[in-house]
Structure formats: C-alpha cells, structure tokens
Amino acid sequence: MAGTGSSRRTFIAGAGAAAAAGAVLEGAAAAPAAAAEAGPPPAGRRVAVLGGGVAGLTAAHELAERGYAVTVYERRALGGKARSMDVPDSARGGRRPLPAEHGFRFIPGIYHNLPDTMRRIPFPGNAAGVWDNLVAPREMMFARAAGREDLRGPIPWPGHSPAELTPEEIRRALAGILQTLVRLPPHETAYFVDRVLVFLTSCDERREEVWERTPWWDFVRAERMSNEYRRILAVGITRNIVATKAEEASTRTVGTLGEAFVFNVLGRGADGPPDRILDLPTNEAWIDPWEAHLRSLGVEFRIGWTVREVRYAGGRVSGVAVEGPDGVARTVTADHYVSALPVEHARRTWSAALRAADPMLGRCDKLETDWMTGIQFYLTERAELVHGHLNCIDSPWSLTAIQQAEHWPSRDFPADYGDGTAVDCLSVDISEWDKPGILYGKTAKQCTREEVAREVWAQLKASLNDTGKALLTDTTLHSWFLDPGVDGIGTPHPTNQDELLIHPVGTLYNRPSADTRIPNFFLSGDYVAVDIDLATMEGANASARAAVNALLDRDGSDAARCTVHPMYRAPELEAAKRHDRWRYRLGLRNLFDLG
C-alpha cells in the first residue's frame, strides 16, 4: 500500500525474485541452481534486513554504500508508517488515485540524521535530492472549541535568535513567544518558562535519574494551574505531539524534544525551519525515489515476506523463519541480521533461545505502544483554515491536522488526483482512541469506521466552526479514508498494525542498544536507545546508523563509519549543566527550581 502502482510493481518483482534468492533461502522453496550463477558475495558481506520502514531502508542504504549485499524483507510495503498509499478505486479519467497516508509527515529542523539521508537520495531536478522536496509551512494554530479564541501565529524562522543564549535571554524570548501565541495569565507563562529553564540547565544525571521518573504533568505543576494552562502546555504538548498522556509521560522525553524545539525556534543548531513537510505525497517525494536508488546500489527487496522467528544456535543467529507471499515457509540465512521491525512486531519474532542470549531483549517487553492513526478528508472546496498545522486541543480525540494541497505546488489536485472534483486533502491524526467522542458518546475503538469518520468530522467542526463562521461544511466533504491498518473497531477486539511507541516514566531504562550480545544480530528502530528520545523517523534513522556501525565493528570492516548526529547542545548552557551536576551530587535542587 505504498501507492497502488508502486506496491503492485514491487510486490510482483519481489515475488518473482523469490526463486532467485538461493544465496539467502533454504528449505521448502529452494531456488534453482541458475539463480546463483553470479556467485555469492564475499564472506561476511551478506546482510538480511528485517523490515522495510525508515529504519530498514536506512540500514540498507548505509550497508549498500559500504559494499554489503543486502536483502530487505518487508511484509507489506516499503516505507512502513512513513509511506503514503492510494485510496482504492478513487481514480477517474486517467488521474492518479487520491493520496492517503498513515499520518501526515512532519520533518522538523531539529532532525539531522534523516535530512542527511534525504540529501543522498537523487531526485530529478533537485541538487540536494529529496531533501529539496521539503517545504516550510509559515504558521500554526491551536484551534479552540466552545467559542474560545483560536490561537494562531507565524512560525519564527529565520531570524528569531537572541544575541546570547543566557538564561535571561531565553526567558525573555520564550515569554514573548508564549504571550503572543498562548495568552495565558502572565504568572503562569512566567512559571512555565522557569520550568523550561530548569530542564535546559539540568545535568544529564538529573535528567536520567530524576526527570525520567517524573511525569510531565507533575513537572509543570499542571494540577495547580488554570484549565488553559493544562490544556495547552500539559495535555496539548504530550497527547497531541508525543502521543502520551501528560500524567504518565516522562519529563525527560518531553523535555528533550522541547529543548530541541526551543533551540530551533531561537535559531540554533537546526537543519532548517521548525516545521517542514514534503511537497508531494510521501511516496512520490521520498519513498519511491529511495527504493529506486537502493536498487541501483544492488539492494534486493522481498515484498510480501513476513518474518516469523529469529533463530539462535551455536552462539549466533542461525537463520530467520519467514513466510513468503505464496504462504510457504522458508528459512533466510545471511552473515548478519538487522532487525528493523517496530518493537511490537520485532519482539514477537525473538525466539526463547535468542532472548536467553541477551537479557536486554526481554526488557523490550516492557516498552509500551498506543494508537495514533491518520484519517484523510477530501474536500471539493478549499477551506480557509491555516497555512500550516492546526492542533484541536479541546477535541476529545486530540486531533491534529494539515491541509496538503497548498503545500504541493507541483500538483494540481483536481487535475492530477481522484475524479477531478476533490481540490484538497485535510489530513488528520487521531491521538486519543480511548475517550468518548461528542457525537456518539463512544471511544474511537468502540466506533465503526464510518462512525470514526463522522465523529472526527464533528470534532473538527466543533473546533473550527465555533466563532460564527463555518469553515468546514458537510456540502464540501467529498470522501474520507481511514488507515487500513486499523481493523476490528466497533467490535470487542480492535487491532492496529501500526501502533506508536509511547514514553511513560521509566521507558528509558528498557530501551535496548543497537548492538546486542549476539555477534551477528543488530537492532534498528525508533525504540532503540539513541540521542533523540522519541518515536520518530529521526530516531529510526539514527538507530539504523548505530546498528550499521556495530555491524562494521563486529565484521572488522575498514569502511568509514556512519555519522550519527547528536541532538544539539547549546555550548552556552554547558557551564550551567556542570554547576547543576555539582548541585545534584550534593542533593540540591536545580538553581532555577523554585518548586
């Protein structure tokens, strides 16, 4: 579902290539001898990458550039949760099908590893590859319900940088931004800014040993504050952006992300503007060119192949049980294995013997996932909402959204997509699936697909049509599309194939490293411990680089190691962090922590 044409093409190619996989398959469907005529790759150079999402494609990219023979096994479609897909049966008159997605792509300026990869993926006419397909929305909005004033403001880039990154300059800049955008009582704004300063100047030990165990709700003292403060700065930040409840979310996770955005907004240490999206559907702008580039590097893809079990014998991974698109069981063998599946799928494939060989794998069972899923609404008229992302912070289902057509300048929606009547796509993420809605009084999981669409549409209208002007109307709704990974909703057993890693307190202690105790087995995915402590495409990319570096070390390779870019640390604040380390070891609060 990476785009019907692309998916069908790669699926057929993958299925047709199954017989040519003699170098990596044995057992029930061994390849004919003719398939191995090219000869095997040099010893130690065959790698099986399990999973074709951002983590798996990044690992394949880095390994192929270093001369490894890579085969990627993906059960569904390349791109994973990052892919776009086609709305079935929506094309008319030679147009493309309407574009849909698991959730809208968001590639902020705080990312460095993913943009580096994007610059290395060729795209016709682009000097910097698919990275040149990034565009920056110029504003954002907190959409309020029940007649409250919507909070709308420009995104400050470039040139919103203080002369110095001193605590006083940071306080002044952040207070000004918050007073402009959020409009809380001045004493609450001042208090929240002081809490930000506490985190920014906290040493690593305090972050990992105290703030990791402290819920964000408690850290920002939400219980003491106004409802506006709680909705915007506690619930709004965590549920809508991090997809974790504020009462449970690790302050270290929320604070680390917030710190990066603070520096980005202040013009420091960023790859680009704070808010960036792609200027085409994801597969057109990124995934399809990436696949083509990896094939040119010799990467092979097995689409429709499901990983069942990673087997362990003789002190190493001995093979991987897979099920092919024909339903036949096979065993994949290679010199090295990179598990790049999402954690909820990966841990089901780790055999008991593999887990016994590295107890770190067992701790991954404690990592938690939740639902955050996309639905698209196609409109026959452009709605004048906002030129960027909107956050419906009063919506029971914690909706965030963006209109896409205006950000796709090289595409004309009615001319290029669908039946010629849809002119825009309002792409919405549903972050809360366990609270009752306003239309049926049921949770999203209790609703049928049709009821979910009606409920989300009603919540959008409640947030956007509450000030006397109808920005969204039923007459302009062309159609909708809910991520097909969600199944069984409206029944006692709802399922979601694409859950999102969440970050309750203590999550850090259960995140594994990319390197394992098994000498030929490596982990890649946004659950792996890397510098960005959040379930993101950046984390998936950085972890893949770390996995490849560990593989190169184990293999004794003299190839250049992957650069793993750390999160930006403002040098001006390092002295304050050193001072805080001294205070922490003496049992004292952070200097800015007034309680």
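User: Quick one to start: are Phe192 and Tyr229 buried or exposed?
Analyst: Both Phe192 and Tyr229 are buried. Bear in mind that this is a predicted model.

User: What kind of aromatic pair do Phe192 and Tyr229 form?
Analyst: Phe192 and Tyr229 form an edge-to-face pair. The centres are 6.1 Å apart, with 80 degrees between the planes.

User: Which helices do Phe192 and Tyr229 lie in?
Analyst: Phe192 belongs to helix H5, residues 186-200. Tyr229 belongs to helix H8, residues 227-242.

User: Which residues do ring pairs link into a cluster?
Analyst: The cluster holds Phe192, Trp211, Trp216, Phe219 and Tyr229.

User: How many aromatic pairs does the structure hold?
Analyst: There are 13 aromatic pairs.

User: Let's zoom out. How many helices and strands are there?
Analyst: The protein has 17 helices and 24 strands. Of its 595 residues, 59% count as buried.

User: What share of the contacts comes from residues 24 or more positions apart?
Analyst: It is 71%, taken among contacts with a separation of 6 or more.

User: Now the largest nonpolar core. Which residues touch the most other members?
Analyst: Trp286, Trp350, Phe521 and Tyr527 do, in a core of 84 residues. Helix H16, residues 537-555, gives this core its largest share, 9 residues.

User: What does Trp286 touch?
Analyst: Setting aside residues up to four places away in sequence, Trp286 touches Val54, Ala82, Arg105, Leu114, Met118, Ile121, Val130, Leu278 and Met537.

User: Val54 is on that list. Which helix has Val54 among its buried residues?
Analyst: That is H2. Helix H2 covers residues 54-65, which makes 12 residues. From first C-alpha to last, H2 reaches 16 Å, close to the 16 Å expected at 1.5 Å a residue.

User: Why is H2 largely enclosed by the rest of the structure?
Analyst: Because 11 of its 12 residues are buried. Among them are Gly56, Thr58, His61 and Glu62.

User: What follows H2?
Analyst: Gly67 follows H2, with a positive phi near 90 degrees.

User: Switching to strands. How do S11 and S12 run?
Analyst: S11 (residues 306-313) and S12 run antiparallel, joined by 7 bridges. Tyr312 has Val317 in S12 as its bridge partner. The hairpin of S11 and S12 has 2 residues between the strands. In that hairpin, Gly314 takes a positive phi near 65 degrees.

User: And how many bridges join S12 to S13?
Analyst: There are 4 bridges, and these strands also run antiparallel. S12 spans residues 316-323 and S13 spans residues 329-332. Val320 stands opposite Val332 in S13. Val322 stands opposite Arg330, also in S13.

User: Where is the positive phi in the hairpin of S12 and S13?
Analyst: At Gly327, near 85 degrees. This hairpin has 5 residues between its strands.

User: Last topic, Lys577. Where is its place?
Analyst: Lys577 sits in helix H17, residues 574-585.

User: Why does Lys577 count as buried?
Analyst: Because its relative accessibility is 4%, and buried means under 20%.

User: What is Lys577 in contact with?
Analyst: Leaving out neighbours within four places in sequence, Lys577 is in contact with Leu200, Thr201, Ser202, Cys203, Arg207, Glu259 and Arg569.

Definitions and conventions
Residues are numbered from 1 along each chain as its sequence is written. This is a predicted model: local features need pLDDT of at least 70, side-chain atom pairs count only at pLDDT 80 or more; totals for chains, interfaces and linings use all residues. Side-chain values use heavy atoms; hydrogens and water are left out. The expected span of a helix is 1.5 Å times one less than its number of residues. Buried means under 20% relative accessible area, exposed over 50%, partly exposed in between (1.4 Å probe, protein chains only). A nonpolar core is a set of buried Ala, Val, Leu, Ile, Met, Phe, Trp, Tyr and Cys residues joined through side-chain atoms within 4.5 Å. Contact means heavy atoms within 4.5 Å. Two strands pair if DSSP finds at least two bridges between them. Rings of Phe, Tyr and Trp (its six-membered ring) pair if their centres lie within 6.5 Å; planes under 30 degrees apart count as stacked, over 60 as edge-to-face and the rest as tilted.
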